[in-house]
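Open the model in your viewer and keep the selection panel at hand. The stops below go from salt bridges to a helix and then to a hairpin.

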Amino acid sequence: MSQSVRTGPDGSDRGLSEAYDTALLDLDGVVYAGGEAIAHAVESLATARDGGMHLAYVTNNALRTPDTVAEHLTELGIPTDADDVITSAQAVARLISEQVPAGARVLVIGGEGLRVALRERGLEPVESADDDPVAVVQGYGGPDLAWGRFAEASYAVARGVPWFASNTDLTIPSARGIAPGNGAAVEVVRIATGAEPQVAGKPLPPMHRETILRTGARRPLVVGDRLDTDIEGAFNGGVDSLLVLTGVTDGAQLLAAPPQHRPTYVDADLRGLLTGQPEVAAEGEGFRCGGWTATAGAERLELSGDGDALDGLRALCAAAWTAAGDGVCRLDAGKALARLGL
């Protein structure tokens, strides 16, 4: 679908939890980090839920089952049912089920989340290329996934068996830092076979479709910390998004975002669900939000005024995205961001 190019964040005179019926929340970097709840997440989600907003948790990680994720969230103080967790394993299992016979065998390279999702769709997980699979599915299997599993996938794919991947995120956050993700593992099989998988996870449409089918959302708001998965996924699905700055995206990346990576709203953390969003208004040759005015100069973004740092960032987004149009803003933003402490 064609979409107009976003040239700045939107405002909202209502709290976002009132303006949207369902929050489609990413997990790592949004709700928790390293397994522990991010500041303000538990109480913000409780308030949004008590106000009538449906909360759903959408993750590209295919390793854990929805039951396991729901149990983890509940332990953190966020009561969650398994039905409110949507994983890329579920999305890819549906994608496979639409292309193979009922009860068909599928070679699994990954963890329990994939096996559970395949069985849910009436498919039979198998472990060897010699088990006559009609499809190969690859998802994150954790740091202990044996190297031989990639060889098993390669044998089947090289014979012409259709290949599917839950997602292609190159990295995944861990308690010790950034680790190789499923996308890195997919590259191993791609190099060995020269083949290309069908991919289900964010930011691609199969994941968004799975989410809408399972939640029944009519006016969803995607909430995420990554521009290339969460925000692009919302863009591809034609729905609004909220970027929170508790994860991987920093101010410089946000200002340089191409159109498909520009969120509808920007806020510090999940407290942004509970509040309205300030308007960013054109003023002279610049853009004003709160006490800040941002302009695009010949070589750099300029910022004047004072007030809340997030208002300054929102004004800078409008100046940068307007200057970039349907491209990427390459103006120096270092001095302006430093003034905001970002």
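Does R115 count as buried or exposed? R115 counts as buried, because its relative accessibility is 14% and the cut-off for buried is under 20%. Keep in mind that this is a predicted model.

R115 belongs to helix α5 (residues 112-120) and E127 to the loop between β7 (124-126) and β8 (135-138), so the pair ties together parts 12 residues apart in sequence. E127 is partly exposed, with a relative accessible area of 37%.

Next, select D230 and K202. The closest N and O atoms of this salt bridge are 2.8 Å apart. D230 sits in helix α9 and K202 in the loop between β12 and α8, 28 residues apart, so the pair links distant parts of the chain. D230 is buried at 2% relative accessibility, and K202 is buried at 12%. Then pick R94, E120, E210 and R214, which salt bridges with shared partners join into one network. The count of salt bridges comes to 18.

Now show helix α8 (residues 205-215), where P206, M207, H208, E210, T211 and T215 are buried. Their cover includes β1 (22-25), β4 (54-59), β5 (85-87), α4 (88-97), β12 (198-199) and α9 (227-237). After α8 comes G216, with a positive phi near 65 degrees.

Finish at strands β18 (residues 292-296) and β19 (residues 301-305), an antiparallel pair with 5 bridges. A hairpin of 4 residues joins β18 to β19, and T295 stands opposite E302 in β19.

Note on methods:
Residues are numbered from 1 along each chain as its sequence is written. This is a predicted model: local features need pLDDT of at least 70, side-chain atom pairs count only at pLDDT 80 or more; totals for chains, interfaces and linings use all residues. Side-chain values use heavy atoms; hydrogens and water are left out. Buried means under 20% relative accessible area, exposed over 50%, partly exposed in between (1.4 Å probe, protein chains only). Helices (H or I, at least four residues) and strands (E, at least two) are DSSP runs, numbered from the N terminus. Contact means heavy atoms within 4.5 Å. Two strands pair if DSSP finds at least two bridges between them. A salt bridge is a side-chain nitrogen of Lys or Arg within 4 Å of a carboxyl oxygen of Asp or Glu.
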